[in-house]
Amino acid sequence: MRAPALSHVPSQAVPPPREPVDGQPDQDLLDRLSAGEPTAWREVTTRYDRLVRSRVRAFRLQEADADDAVQSTWLRLAQNAQHIQDPRRLPGWLSTVAGRECLRILDRSAHAGVPADDAGVCLPDPRPGPEQCAIDQEAARLLRSLVAALPRRRQLLLGALFADEPWSYERISAATGIPTGSIGPTRARALGQLRALMAV
């Protein structure tokens, strides 16, 4: 199956999802996606771009990485549309995949030795509407609950690394007892554990 033309995915001002009229949300859309119908890709990206981008925004990635996560989510849908059994679960499926793609990017950055100060950059305030705020709050709540399931030292580590003003490695080491040279590998393991929790 060919992937959607991702360069045409709108980034802002996306209208709210159009409600199907037949009582079976997205079933026809999924069937057309599986067949590779171009109009289906335009419709699914119009309907769910806002949701995917909201999920990605919660991870505070650099702008280029955030775009990669969004495009990777659409690519995963192109590869798996025919395997989604319950069309009502498509929004949740997209949200979960987007979160996994963000964790994969963060994990890759950790292994590449990217300094903590460069791991996440606050994006300009997009001034979201009430619906977007609700989605962001739900994504943040889910992420907090997953982090709370980690061992205490890993919770402290991730909190320090992804705070609005990330801590230095020296400060993190003093607070957690993790040697500075082990902070990167420990972060990678913590992100891997988060990814496993999301898959449950």
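How many salt bridges does the structure hold? There are 9 salt bridges, where a salt bridge means a side-chain nitrogen of Lys or Arg within 4 Å of a carboxyl oxygen of Asp or Glu. We'll come back to some of them once the overall layout is in view.

A word on ground rules. This is a predicted model, in which local features need pLDDT of at least 70 and side-chain atom pairs count only at pLDDT 80 or more, while totals for chains, interfaces and linings use all residues. Residues are numbered from 1 along each chain as its sequence is written, and side-chain values use heavy atoms, with hydrogens and water left out.

Now the layout. Helices here are DSSP runs of H or I with at least four residues, strands are runs of E with at least two, and both are numbered from the N terminus. Of the 200 residues, 38% count as buried. Buried means under 20% relative accessible area, exposed means over 50%, and partly exposed is in between, using a 1.4 Å probe and protein chains only. The accessible surface comes to about 11,000 Å², and 52% of that belongs to carbon and sulfur atoms; these areas come from the Shrake-Rupley method with a 1.4 Å probe, and for residues only the protein chains shown count as cover.

A contact means heavy atoms within 4.5 Å.

Next, the inside. In soluble globular proteins, nonpolar side chains tend to be buried together. In this model the largest nonpolar core has 33 residues, and L33, V44, L61 and L77 are those with the most contacts inside it. A nonpolar core is a set of buried Ala, Val, Leu, Ile, Met, Phe, Trp, Tyr and Cys residues joined through side-chain atoms within 4.5 Å. Helices α1, α2, α3, α4 and α8 (180-199) each supply at least two residues of this core. Take V44 as an example: beyond its neighbours within four places in sequence, V44 is in contact with L29, L33, D49, W74, L77 and L90. Apart from this core lies another one, of 6 residues, including L157, A160, I172 and I178.

T73 is another residue to look for on the inside. T73 is found in helix α3, and T73 is buried, with a relative accessible area of 0%. Not counting residues up to four places away in sequence, T73 touches V52, L94, V97, A98 and E101.

Back to the charges. Side chains of opposite charge can pair when their charged atoms come close. Start in helix α1 (residues 27-34), which holds both D28 and R32, 4 residues apart, about one turn of the helix. The side chains of D28 and R32 meet in a salt bridge (2.9 Å, N to O). D28 counts as partly exposed at 45% relative accessibility, whereas R32 is buried at 17%. R32 also meets E43 in a salt bridge (2.8 Å, N to O). Because R32 lies in helix α1 and E43 in helix α2 (residues 38-57), this pair ties together parts that are 11 residues apart in sequence. R32 is buried, and so is E43.

Helix α2 has a pair of its own. R53 and D49 meet in a salt bridge (3.1 Å, N to O), and they are 4 residues apart in that helix, about one helical turn. Both R53 and D49 are buried. Stepping back, salt bridges that share partners join D28, R32, E43 and R47 into one network.

Finally, a look at some loops and a ring. R60 sits in the loop between α2 and α3 and counts as buried, at 18% relative accessibility. Most residues other than glycine have a negative phi. The phi of R60, though, is near 55 degrees, a positive value. Q85 is found in the loop between α3 (63-80) and α4 (90-111), and Q85 is exposed, with a relative accessible area of 70%. Q85 and L30 are 55 residues apart in sequence and 9.6 Å apart in space, C-alpha to C-alpha. As for the ring, the charged end of R171 sits over that of W167, 3.8 Å from its centre; this label needs NZ of Lys or CZ of Arg within 6 Å of the ring centre and within 35 degrees of the ring normal.
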